[in-house]
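Please read the points below with the sequence and the model side by side.

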2 protein chains.
Amino acid sequence: MDAPRWLDAREARAWRGYRRMRRLLDLELARELMQDAGLSEPDYDVLSDLSETPDQRLRLSELADRMLWSRSRLSHHLARMQQRGLVTREEHPSDGRGSIVVLTPAGRAAIEAAAPGHVAAVRRHLIDLLTPEEIDALAALTQRVVDRLSGRPTATEG
Amino acid sequence: MDAPRWLDAREARAWRGYRRMRRLLDLELARELMQDAGLSEPDYDVLSDLSETPDQRLRLSELADRMLWSRSRLSHHLARMQQRGLVTREEHPSDGRGSIVVLTPAGRAAIEAAAPGHVAAVRRHLIDLLTPEEIDALAALTQRVVDRLSGRPTATEG
DNA sequence: GCAATGTGGTTGACATGTCATCAACCGTAG
DNA sequence: CTACGGTTGATGACATGTCAACCACATTGC
C-alpha cells in the first residue's frame, strides 16, 4: 500500500507505444495472412513449428509447450485444422496416451505458399523500419523479459 | 515469386523474442490483474480510458477509436461490464444515435483499486528490467511502426 | 496381478471477439 | 416534407480461447 510509482512520461510513452504497436501490427499481419494465404496466425504458427521439425511431426504436448499454448487449446485448434486437411494425428508408438501431430502434404504446401508473403509483411511493417541497433536492442530486451517470466515461478516480492 | 528475403539470425532473434515476450507478458499481467483486482485486461483498459476523461464519460465511438476496438466489440463488452455495475450508458443529448458511456462509482472504485498493482506489475515484468536507453529505443521504435500502420491505408507495393 | 495415483489428451460449457446485418438517426438535396 | 446516402450502435450467428471435468493409459507400490 505504499505510494505507487507511476510511470513517468518516457516510460509511459514506451508502454503505450508497445501496446499500440502490438494491436496494430497484429491486426495487419493477420489481415494480410488471411487474405493472401487463407491462414490465421495460429494456423501459421502451428504449421511453421511443425515444418521446422525433422520429420514434420511432433507430440502434442511438445508442440503445445513450444507454442506456449495449453494442450486444450491446441487440441481444439488441431481438430479444426485436421478437418481442413492441414494436419493429421497418429498414435504414439510406445506411449498409448500420446498423440503425434503430423503435417500433411497439403499442410506443407500451405506453409510454403504462405511463408514468403508473411515474412515480407513482417519486414515491411516491422523489421525493415528498424535500425540494426534497434533490432539488437529489441532482441536483447525481449530476451531479458522472457527469461524473467519463464525462469521464476512467480516472484512476489518487491 | 522473387527469392524471399528471409530473416537473418539477428532479425529472427528480435522477431521471436518479441512474440514470446508478447505472449508471456500478456499472460502474466492478465493473471495478476484478474487475481488481484478481478478485472480482465480489456476491462482495465475501458475503465482506465474512461477514468482519464474529464467527466468520466465518453461517446462509444470515441472510446472505441481510442482503444482501437470495433464499435461492435466495445458494445458487447460494455454490455457485460454494465451488468457488473462498472459502467452505464446515457443518451447523447443532441445526436439521437449516440450512446455515452459513463463510469459508475463502482467502476471508479474498481480502477482505483486496480491501478497501483497493475502499474507495479508492468514495472516488475517490463519497465524496470530495461535501461533508460532501451526504454527510449522502445518508445521510438514502436512509435515509428505505429505511425506507418495507422498513417497509410495499405501500402501494397514493394 | 491389482489398486492408487499421476499424466496426456479430449470434450463440453462458457467467455470473448469478429463479421454481417439491421433499425434508428443524421445531414443534405430536391 | 420527403428521399437518400452515410453513420451509430445493437444484435445474432459464428469462430476461437479458457477452464474444469473426464477418460484412457502409465506408473508406482504392494
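**Notes on the model**

1. Not counting residues up to four places away in sequence, Thr53(B) touches Leu58(B) and Arg66(B). Thr53(B) sits in the loop that joins helix H2 (41-51) to strand E1 (57-59) of chain B. Thr53(B) has a relative accessible area of 5%, and since the cut-off for a buried residue is under 20%, Thr53(B) counts as buried. Keep in mind that this is a predicted model.

2. Along the chain, Ser99(B) and Leu58(B) are 41 residues apart, yet their C-alpha atoms are separated by 8.6 Å. If neighbours within four places in sequence are left aside, the contacts of Ser99(B) are Leu58(B), Arg59(B), Leu60(B), Arg89(B), Glu90(B) and His92(B).

3. In chain A, is Ser48(A) buried or exposed? Ser48(A) is buried, with a relative accessible area of 14%. The residue belongs to helix H2 (residues 41-51) of chain A. The C-alpha atoms of Ser48(A) and Ala115(A) are separated by 8.4 Å, although the two residues are 67 places apart along the chain.

4. Next, the sheet of chain A. Three strands form an open sheet in the order E1-E3-E2, with antiparallel pairing. Strand E1 (57-59) and strand E2 (87-91) of chain A are at the edges and have a single partner strand each, so one side of each has no neighbour in the sheet. From one strand to the next, the twist averages 30°. In general, strands of a sheet pair through backbone hydrogen bonds, either parallel or antiparallel.

5. The pairing of E2(A) with strand E3 (residues 99-103) of chain A is antiparallel and covers five bridges. Opposite Val87(A) stands Leu103(A) in E3(A).

6. Which helices lie across these strands? Helix H3 (residues 60-67) of chain A lies across E1, E2 and E3 of chain A, and runs at about 90° to E1(A). Helix H4 (residues 71-83) of chain A lies across E2 and E3 of chain A, at about 115° to E2(A).

7. The buried residues in H6(A) are Glu134(A), Ile135(A), Ala137(A), Leu138(A), Ala139(A), Leu141(A), Thr142(A), Val145(A), Val146(A) and Leu149(A). An α-helix has 3.6 residues a turn, so residues three or four places apart point the same way.

8. What covers the buried residues of H6(A)? The cover includes parts of the other chain: helix H1 (9-37), helix H5 (105-125) and helix H6 (132-151) of chain B.

9. How are the two chains related? Chain B is superposed on chain A by a rotation of 180° with 0.0 Å of shift along the axis, at an RMSD of 0.1 Å. This is the relation of a two-fold axis. Of the interface residues of chain B, 100% are also interface residues in chain A, so the copies meet through the same surface.

10. Last, the record. An unreviewed UniProt entry lists residues 11-147 of chain A as "domain: HTH marR-type". Over residues 11-147 of chain A, the chain is 70% helix and 9% strand, with end C-alpha atoms 21 Å apart.

Definitions and conventions:
Residues numbered from 1 in each chain as written. Chains lettered and ligands numbered in written order. Predicted model: local features only at pLDDT ≥ 70, side-chain atom pairs only at ≥ 80, totals over all residues. Heavy atoms only, no water. Least-squares fit on C-alpha atoms with pLDDT ≥ 70 in both. Contact = heavy atoms within 4.5 Å. Buried < 20%, exposed > 50% of the residue type's maximum accessible area, 1.4 Å probe, protein only. Helix = DSSP H or I, 4+ residues; strand = E, 2+ residues; numbered from the N terminus. Pairing = 2+ DSSP bridges. Axes fitted to C-alpha atoms, helices over the stretch in contact; angles between N-to-C directions. UniProt positions renumbered as here; feature names shortened; annotations may be inferred.
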